[in-house]
Amino acid sequence: MANLEILVSELPTLIQSLKLTIGDSNEIMEQIILINNAQEQLRNLKKLIAQELRFDHSKNSAIATLPRISTVATLFIPSLGLVDPVIAEKFGNSETKISLTDLQSKIDSWIEWGYFLQAIAADILSDMQLVNQLNSDISHPSIATEFKALNDSLKINSDFGKLNIIQRQIQNISNTKKELLQLQQKLNYIFHTIKNSRSLLNILLGVSAFYGKSGFALEWLDDDHELIISSEGKFQELTDILNDCDFFQEQIAALIIQGDALSEQAEKALKKIEQESNKEAIISQKVEIVPKFWTPKIVRSALIIASSLLILGFGGWKIKQQSPQLQQISLSFTQEGSASAKFKSAQKLGMEAASLVQNPPHPLKVWQEAETKWHQAIILLDSIPDKTSINDQAKKKLAYYQINYKSISKRVLIEKKAVANLESAKKLAIEANLFLHNPPHSLLVRQQAQGKWKQAIKLLEAIPKSTSVYIQAKELLLIYKNNSDF
C-alpha cells in the first residue's frame, strides 16, 4: 500500500515528463531515457493497482479503496497546479476523484503516448538530414520574433531634416522590405509543409521553422487526434499555427504597404533638400559677382530666403506625413491589433468555459460561471470589425460559441429548477412534520400532511439525473415516501 501511495504522489512529475522537446537533437536521446523511466514507473503503478483490486475482491468487497480505510473506490490525483485547458485531457482534472479502474485506463494512455514519442525520437535521430535542419532552425529567431523586429524597424523617426538621416532611413526601409518578402516566403513554406505533408517528420520541419530558437515540445493528442504543441509556455494545435501563419501574412502585407508609403515620402523629402541645396548654390554664385558693399544685405536676404524654403520644405513633409494613406494604415494596424487581442481573449474564455464543465454534474455556480465566460467570449467575437483579417475566423468561432452558450444556458435553467425543487420539497417536508407534531391527529390533519408529502415527492421525482442535487433528491425521496405511508 505504501508503494502505491508513493507512486500516485509522483504522478504529476511522471505525466509532465511525457513530452518530447524538439530543438537541439543532442538532447533527444536523454529525453528518450526519461520517457522510458516514466513508463516503467507507470507500469509499476498499474501492477500495484491490480494487486489492490484483487485484494479487495478476495474479501468479497465490491469497492476498492485508496487508502484502504475508505469505503469509496476512488482516489485523488495530487494537484498538478494550473493546467492549460488545451491539454487538460492529458492530465485529467486535478483534485478530482478517479476510480482505480479509470486510473488504470489513463495509465495505458500515458504509456502508449510514451511509445509514440519514443518512435518519433528514433525516426528523427535516424535521419541526419532532418537532424541538421532542426539544428539549423534552432539558431534562427522564431517567426513571431522576426516579425516584431521588422515591425519595429519601420517605426522610424520622421524627422527628415538632414540629408544623411534621410539616406540612411531610405536604405533601412529598403532592407526591411526585402526581409519582409523573405519572411513571406518562409511563411509560405511553413504553411504548405504543415498543411500538405502526410509525413509527421515533414510536418515537424515546418513547425521547427515556425518556432526557431524558441523550440517546441510534443505534448499530447486532443480528442480529434490533432497534435498539441507547446513553446515558451503557450499551447497550440497545428491548426492554430496555420492560423498564425495567415495572420502574419496579412500583417506583413500591411507592413510592405507602409514601407512603400514611407519610402515614397522619404524620396520626396530628399529631393526637396537637394533642390534647396541647388538654390543656395545659385544664390551664393550671384553674391560673389556683386560689389562688396552690397554683400551683407544680399547675404542676409539669401539666408532669409533659404531658411524660408527649408522651413516650407520641412513643413510640407510634416503635413504629408499625416496623409490619409498613412492614417488609414495606422488605423488598420490599430484595428488588427485590437481584433487579434479580442480573438485570443475570446478563445481563452471559451477554453476556460469548456474546461469548467468537464465531467458533469456540477453545482449551479459552476454552470453559471461557464455561461458567463461563453457570454463574454461571444461579446468579444461579435465586436471584431468586418474588415479585419481575422473576421472570418471570428465568425466561425462566434457561431460555435453561440451554440455552446445556448446549451450551457439550458443546463443552468435545469440546475436552477432542480435546486428550486429540492428546496421546495424540503420546505413541504417541514410543513408536513409540523402538522403531525402533536398527536393524536384528526383525519383532516393527516390528509393535509399526506398532501404535503406527496407534493414534496412529486418535486423530487422531477429532478433529472444529470443535476448535481439528484443523489440528494434520491435519498430524500426514500425517506419522504416512507413518511407518507402512515
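Select S231 and K234 first. In this predicted model, K234 of β6 is the bridge partner of S231.

Now widen the selection to both strands. β6 covers residues 234-237, and four bridges tie this strand to β5. The two run antiparallel. Go to the turn of the hairpin. Two residues lie between β5 and β6, and E232 takes a positive phi near 50° there.

Turn on the side chains. L227, I229 and S231 point one way. I228 and S230 point the other way. Both sets are buried.

For a landmark, pick L221: it stands opposite L227 of β5.

Select α5, residues 100-125, and α9, residues 200-211. Their axes come within 11 Å and cross at roughly 80°. Angles of 65 to 115 degrees count as roughly perpendicular, so α5 and α9 are roughly perpendicular to each other.

Which residues make the contact? On α5, select F116, I120, D123 and I124. On α9, select L200, L201 and L204. Colour this set by class. The contact of α5 with α9 has six nonpolar residues, one charged residue and no polar ones. Asp counts as charged, so D123 of α5 is the charged residue in this contact.

Technical notes: Residues numbered from 1 in each chain as written. Predicted model: local features only at pLDDT ≥ 70, side-chain atom pairs only at ≥ 80, totals over all residues. Heavy atoms only, no water. Buried < 20%, exposed > 50% of the residue type's maximum accessible area, 1.4 Å probe, protein only. Pairing = 2+ DSSP bridges. Axes fitted to C-alpha atoms, helices over the stretch in contact; angles between N-to-C directions. Parallel < 35°, antiparallel > 145°, perpendicular 65-115°, else oblique. Contact = heavy atoms within 4.5 Å.
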